[in-house]
Amino acid sequence: MAERITDIGPPKYDEMWPDIIKDNYGKWKYHEILEPGVLKHVSETGTELYTVRCAGTRLMTTLHLENICKIADEFCGGFFRFTTRNNIEFMVDDASKLEPLKKALADNGALPIGGTGACITNIVHTQGWVHCHTPAIDASGIVKAVMDELFEYFGSHKLPAQVRISLACCLNMCGAVHCSDIAILGVHRKPPVIEHSHLDKMCEIPTTIAACPTAAIKPAKVDGYKSVAVNADRCMFCGNCYTMCPAMPLADADGDGIALWVGGKVSNARSMPKFSKLAVPFIPNEPPRWPSTVEAIKKIVEVYAADANKYERIGEWAERIGWERFFEKTGLEFSHHHIDDYRFAMTTWRNSTQFKFTD
């Protein structure tokens, strides 16, 4: 099996490492951020590796990729890499190569340097309207609109700590919105529309019924057609039925929109990892620039930047000042929609008599 050749899955990651990474694997001693977007890693052997991080996009043209490859060929021995947040990193083994590389990236015009340290780095996001079949919102369009407004925080260290923003275009969440400093979540609010005249011709009714995780679908006969009925009170708007049956579309112009969540993090530093908490229950879809969503996110970032302590993440800041004051300072409305009414929600409730009273 060791010599087996297969096209299943990606090649093993270490097959594509540059020599400096292979030679120092497991030997990296420390790293430091020299300036926004520029990192220096030092090995136990004394070897130094300089990395320049640039903004990338999830969807790229082949021409853009070709230009990236040309820069890597000229300055980095043909190597570059993508981070999990779609940043692009160019690596050089000599400090003298840094400035020529940075100049080439600046001349390119489409590869801004930044995304390290106390900044807003690239927004990790899902597919949205470009490809996914169950989105409540777009992905790339909203990310573009938000980052256009917050771009000054990408190439600087103006913030108290790093701010990770993510977007998932529906609650199935192939993006990391459950544990981000700011999360943009697409929400459906209406059950699927049932095209009774087409359903039996396009779908297997037993499979469609079995696809529902809350048992909200049952067989029915409507206007003489074999079809299904949906219990709206049980429906959780996941779109699983539409995945199995194209005659049950979930998208709705009025019912679909955006919820904003804040305060999550994966890091174990200073405090335990945290789940995101609901900040704004619903903002209507407003393509092509989503002004209400952008304004709310910018407000959260600016208040956090002005009020948080150094190294304090958004969730840690909100817990220090109290969530009551978080809503006051950001100007966001608190309503009954923020109160978790899930049957096991008591584990998430504050169950202490200690409150941080506001003025």
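**Second largest pocket.** I looked up the lining of the second largest pocket and found 9 nonpolar, 12 polar and 6 charged residues. Here Ala, Val, Leu, Ile, Met, Phe, Trp, Tyr, Cys and Pro count as nonpolar, Asp, Glu, Lys and Arg as charged, and the others, Gly among them, as polar. The model is predicted, local features need pLDDT of at least 70, side-chain atom pairs count only at pLDDT 80 or more, and totals for chains, interfaces and linings use all residues. Residues are numbered from 1 along each chain as its sequence is written, and side-chain values use heavy atoms, with hydrogens and water left out.

A pocket is an open set of points on a 1 Å grid over the protein atoms alone, where a 1.4 Å probe fits, with protein on both sides within 12 Å along at least five of seven lines; lining residues have an atom within 4 Å of a point. I noted 27 lining residues here, with Arg53, Thr84, Arg85, Gln162 and Arg164 nearest the centre. Strands E1, E2 and E3 each give two or more residues to this lining, and E1 gives the largest share, 3 residues. Strands (E, at least two residues) and helices (H or I, at least four) are DSSP runs, numbered from the N terminus.

**The sheet.** I then followed these strands into an open sheet of 5 strands in the order E1-E2-E3-E5-E4, with antiparallel pairing. Two strands pair if DSSP finds at least two bridges between them. E1 (28-35) and E4 (80-82) stand at the edges with a single partner strand each, so one side of each is left without a neighbour in the sheet. Between E1 and E2 (38-43) I recorded 6 bridges, and Ile33 stands opposite Leu39 in E2.

**Helix H9.** Buried means under 20% relative accessible area (1.4 Å probe, protein chains only). The buried residues are Ile314, Gly315, Glu316, Trp317, Ala318 and Ile321. They pack against strands E8 (182-187) and E11 (257-262) and helices H8 (291-307) and H10 (323-330), where contact means heavy atoms within 4.5 Å. After H9 comes Gly322, whose phi is positive, near 95°.

**Largest pocket.** By class, I found 26 nonpolar, 11 polar and 11 charged residues in the lining of the largest pocket. The largest share of this lining, 4 residues, comes from E12.

Notes:
Buried means under 20% relative accessible area, exposed over 50%, partly exposed in between (1.4 Å probe, protein chains only).
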